[in-house]
Amino acid sequence: MPELPEVEVVRSGLAPALVGGTITSVEVLEPRSLKRHDAHLGAFESLVTGARPLAVARRGKFLWVPISDQFAIVGHLGMSGQMLLRTPGFAEDGLLRVRFTLDHPEHGELWWHFVDQRIFGSVAVDRLVDVSDEADAGFFGRSPGLGAWRRRIPSQVAHIARDPLDPAFDDDAWIRAVRRKRVGIKRVLLDQNLMSGVGNIYADESLWRSGLHYERIAEAVSVAKLRGLLGDVRDVLAQALVEGGTSFDAQYVNVNGNSGYFSHSLNAYGQQGKPCPRCGTEIRRESFMNRGSHFCPRCQRKR
């Protein structure tokens with residue numbers, strides 16, 4: 001599943017093409033891709049047609065496009081969703097689920113495609129609700145403008161915690177919450193209600209950098225070590241952003257259809273059987289929550 005770096009790469013690619021344009025038409029080829037749309041708000045097509053995107057925002061793994069102070073188009077990539085920018089007439093393969101046609105004063109007409117192989121992702125129109133603090137509701141990149149929508153978040157996303165790259169993320173509050181958890185530290189990193197955007201790949205990489213075993217009980221990790229772990233999480237995410245995210249197959253690409261290359265910088269995730277870059281011990285993979293955990297048994301001893 002795409003994690004914070006991959007979603008941010010998509011957000012930053014969409015923003016210049018969408019903001020300032022007008023959605024002139026929408027074609028829904030797969031109704032299941034609208035499974036999170038509340039029909040009581042109105043038909044998806046009628047709500048979106050004629051809308052002018054004000055920004056493209058992200059919190060964790062969610063994207064949204066405010067179209068007024070009250071509503072936004074919300075997107076989640078799921079396991080295999082892609083947001084692609086195409087020139088009119090582009091012949092997408094059979095995985096195209098929703099097509100938005102936009103008219104932009106600088107770029108002219110363009111197509112915004114939502115492509116999804118497994119149909120776990122979705123697009124929807126959702127109401128915006130106020131955030132509980134005074135900060136921006138999510139990450140907008142360079143300020144695209146002012147409006148009440150900056151302090152409002154889609155109701156579908158409101159339960160998601162801020163991510164560690166959000167300027168409003170509260171390090172001390174996160175550490176206090178972690179210190180109350182009697183579960184493995186990796187489960188805490190994956191808890192989107194405590195900190196969003198981190199999934200299996202970047203959890204394994206961050207724990208490797210911090211020298212923490214994934215099953216180390218969270219409440220037993222010192223405050224100093226948790227601060228260091230949080231710094232390692234941010235460093236890993238920042239490096240992945242620079243390198244365009246992690247692509248193991250064609251399911252994750254940016255808006256132009258290009259793959260990221262952070263997979264070449266991985267130290268633990270997917271490296272089972274290879275020597276640890278730090279000590280030379282063979283990286284091990286163990287089953288964890290219907291997936292896998294990758295770690296060095298020497299550098300990340302289980303205490």
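Helices (H or I, at least four residues) and strands (E, at least two) are DSSP runs, numbered from the N terminus. On that basis, the secondary structure of the protein chain consists of six helices and 11 strands. This is a predicted model, in which local features need pLDDT of at least 70 and side-chain atom pairs count only at pLDDT 80 or more, while totals for chains, interfaces and linings use all residues. Residues are numbered from 1 along each chain as its sequence is written, and side-chain values use heavy atoms, with hydrogens and water left out.

**Overall dimensions and burial**

- Along the principal axes, the C-alpha atoms of the protein chain fill a box of roughly 60 × 40 × 30 Å.
- Of the 303 residues, 54% count as buried. Buried means under 20% relative accessible area, exposed over 50%, and partly exposed in between (1.4 Å probe, protein chains only).
- The protein chain exposes about 13,200 Å², and carbon and sulfur atoms supply 48% of that area. Accessible areas come from the Shrake-Rupley method with a 1.4 Å probe; for residues, only the protein chains shown count as cover.
- Contact means heavy atoms within 4.5 Å. Among contacts between residues at least 6 apart in sequence, 67% join residues at least 24 apart.

**Nonpolar cores**

- A nonpolar core is a set of buried Ala, Val, Leu, Ile, Met, Phe, Trp, Tyr and Cys residues joined through side-chain atoms within 4.5 Å.
- The largest nonpolar core has 32 residues, and those with the most contacts inside it are W174, I185, L189, M195, L226 and L229.
- Helices α3, α4, α5 and α6 are the elements that give two or more residues to this core. Helix α6 gives the most, with seven residues.
- Apart from this core lies another, of 28 residues, among them V48, V56, I67 and L110.
- Leaving aside its neighbours within four places in sequence, L189 is in contact with W174, M195, V198, A203, L207, L229 and V233.

**Helix α6**

- Helix α6 (residues 223-242) has 20 residues and reaches 29 Å from its first C-alpha to its last, close to the 28 Å expected at 1.5 Å a residue. The expected span is 1.5 Å times one less than the number of residues in the helix.
- The buried residues of α6 are L226, L229, L230, D232, V233, V236, L237 and A240. Seen down the axis of α6, these residues fall within an arc of 160°, so they line one face of the helix. The arc is that of the directions from the helix axis to the C-beta atoms.
- An α-helix has 3.6 residues a turn, so residues three or four places apart point the same way.
- The partners against which the buried residues of α6 pack are α1 (4-18), α3 (171-178), α4 (185-189) and α5 (200-210).
- The face of α6 turned away from its buried side carries the exposed residues A224 and V242. V242 has a relative accessible area of 67%.
- The C-alpha atoms of V242 and V9 are separated by 9.2 Å, although these residues are 233 apart along the chain.
- Just after α6, G244 takes a positive phi of about 80°.

**Helix α5**

- In α5, 10 of the 11 residues are buried, so this helix is largely enclosed by the rest of the structure.
- The buried residues of α5 include N200, D204, E205, S206 and S210, together with I201, Y202, A203, L207 and W208.
- Among the elements that cover these buried residues are α1, α4, α6 and β11.
- Just after α5, G211 takes a positive phi of about 70°.

**Loop residues**

- I119 is found in the loop between β7 (108-116) and β8. This residue is buried, with a relative accessible area of 12%, and has a positive phi of about 60° although it is not a glycine.
- M289 lies in the loop between β10 (284-288) and β11 (291-295). M289 is partly exposed, with a relative accessible area of 33%, and has a positive phi of about 50° although it is not a glycine.
- G145 has its place in the loop between β8 (122-130) and β9 (152-154). G145 is partly exposed, with a relative accessible area of 23%.
- The C-alpha atoms of G145 and L54, 91 residues apart along the chain, are separated by 7.6 Å.
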